[in-house]
Amino acid sequence: SPALAKKVMKAASENLVPLVLELGGKSPCIIAPQADMKLAARRIAWGKTLNSGQTCIAPDYIIIHKDSLENFRQEFAKAVEQLHGADIHDSGHYVRMVNDSAFKRVSSYIGEGSVLYGGRTIPEERFIEPTLLTDIPEGSRVLEEEVFGPVFPVIVVEGEDFDSQAAAYVLQRPKPLAFYYFGRESRGWELISRTSSGGACINDTVMHIVNDKLPFGGVGNSGMGRYHNRESFEAFTHRRAVVSTPTWIDMPFRYMPYKYFKFVKKLL
C-alpha cells in the first residue's frame, strides 16, 4: 500500500538505499458498449477470481454503460460457472481469503452497495463468492480502498460519450498499477494515451505481467521503478563508469592555460 511504501521509502532514505516500489491500487476495468461481452466477461472473471482477487494487478472495479450492465451480469455469471463449475465453493481453483483480517475487510464491502451477482460468504472458511456490487454511494470504502479480493464494485455510466466519462473517472483518482479496456482496440489505445497507469491490457486482464520482455512496475501511488528481463538487471545493478587513461602520451591541451583550446575545438 502507499502508506506502507512511504515507511519503506523513509527507511531507505535514511541510508541512501535505492529502491523499486511495486505497489497496487484500484485498477479500472472499462467495458465499452462495443465490447465483445461474452469474451470480456470470461477474461474479467478469470482475472478477478485468480487467487480470489488477491493479486496486485487484479481488476479492482468496473466502469460500464447502463445499457450493457444486464448483458454483462449474465455473461459474467456464465463465465464463473464455466471456469469453476456450478458451485464455485467446490472449485479446486478458487482459493479462500489469506487470513481472517482479509476476510472481514473484503466481506464488509458487500454491505456498501446492492448485490448484482454473488454475495455469499462463509466466515469459518474465509470464503467469499465473486460479487458484483452496484448503487454504491460516493465515499464508500469499496470505492476508495484497494479491494484485493473478489468483490467487484461497478460504476454505471449513462449517456453517449462513454469513453470520456470513463477516462474522467479514472483521472480523478490515483494512478493505478494496471488499466484494462474492453472494446475496439483503437479506442483502447486512445484511452491509454489519455490516462496513466503502471501497465495496461486491451481486451484482456493480468496478461501484461506474463510477458517478461515487457517492463512491469507502477507509477505515482502504484509505485516507482520497473523490473522484468533486462529491466530487472538494470533496476538492481549499479552501473559504474571506469576510465583507464594511457600513459604513453600526455596531451598538453588538457591543462591550463588552455592555449590550444581553439585549435582542438576546430579539429574536433
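Modeller: Helices (H or I, at least four residues) and strands (E, at least two) are DSSP runs, numbered from the N terminus. The model is predicted, so that local features require pLDDT of at least 70 and side-chain atom pairs count only at pLDDT 80 or more, while totals for chains, interfaces and linings use all residues. Residues are numbered from 1 along each chain as its sequence is written, and side-chain values use heavy atoms, with hydrogens and water left out.

Colleague: Where is Ser68 found?

Modeller: Ser68 counts as buried (under 20% relative accessible area; exposed is over 50%, partly exposed in between; 1.4 Å probe, protein chains only), because its relative accessibility is 8%. Its place is the loop between strand S3 (61–65) and H3.

Colleague: Which residues does Ser68 touch, not counting those up to four places away in sequence?

Modeller: A contact requires heavy atoms within 4.5 Å. With residues up to four places away in sequence not counted, Ser68 touches Pro33 and Met37.

Colleague: Met37 belongs to helix H2. What span does H2 reach from its first C-alpha to its last?

Modeller: Helix H2 covers residues 37–49, which makes 13 residues. The expected span is 1.5 Å times one less than the number of residues. For H2 this expectation is 18 Å, and the helix comes close to it, reaching 18 Å.

Colleague: Against which elements do the buried residues of H2 pack?

Modeller: The buried residues of H2 are Met37, Ala40, Ala41, Ile44, Ala45, Gly47, Lys48 and Thr49. They pack against strand S2 (28–31), helix H3 (69–84), strand S8 (151–157) and strand S9 (178–182).

Colleague: Which residue with a positive phi follows H2?

Modeller: The phi in question is near 55°. The residue that follows H2 with this positive value is Asn51.

Colleague: Is Glu129 buried or exposed?

Modeller: Glu129 sits in the loop between strand S6 (127–128) and strand S7 (131–134). Leaving aside neighbours within four places in sequence, Glu129 is in contact with Ile88, Tyr94, Gly118, Gly119, Arg120 and Pro150. Because its relative accessible area is 13%, Glu129 is buried.

Colleague: How many disulfides does the structure hold?

Modeller: A disulfide is counted when a pair of cysteine sulfur atoms lies within 2.5 Å. By that rule the structure holds 0.

Colleague: Which cysteine has the sulfur nearest to that of Cys29?

Modeller: Cys29 counts as buried because its relative accessibility is 0%. Cys29 is in no disulfide, and the nearest cysteine sulfur, 9.9 Å away, is that of Cys201.

Colleague: How far from Cys56 is the nearest cysteine sulfur?

Modeller: Cys56 is in no disulfide. The nearest cysteine sulfur belongs to Cys201, at a distance of 12 Å.
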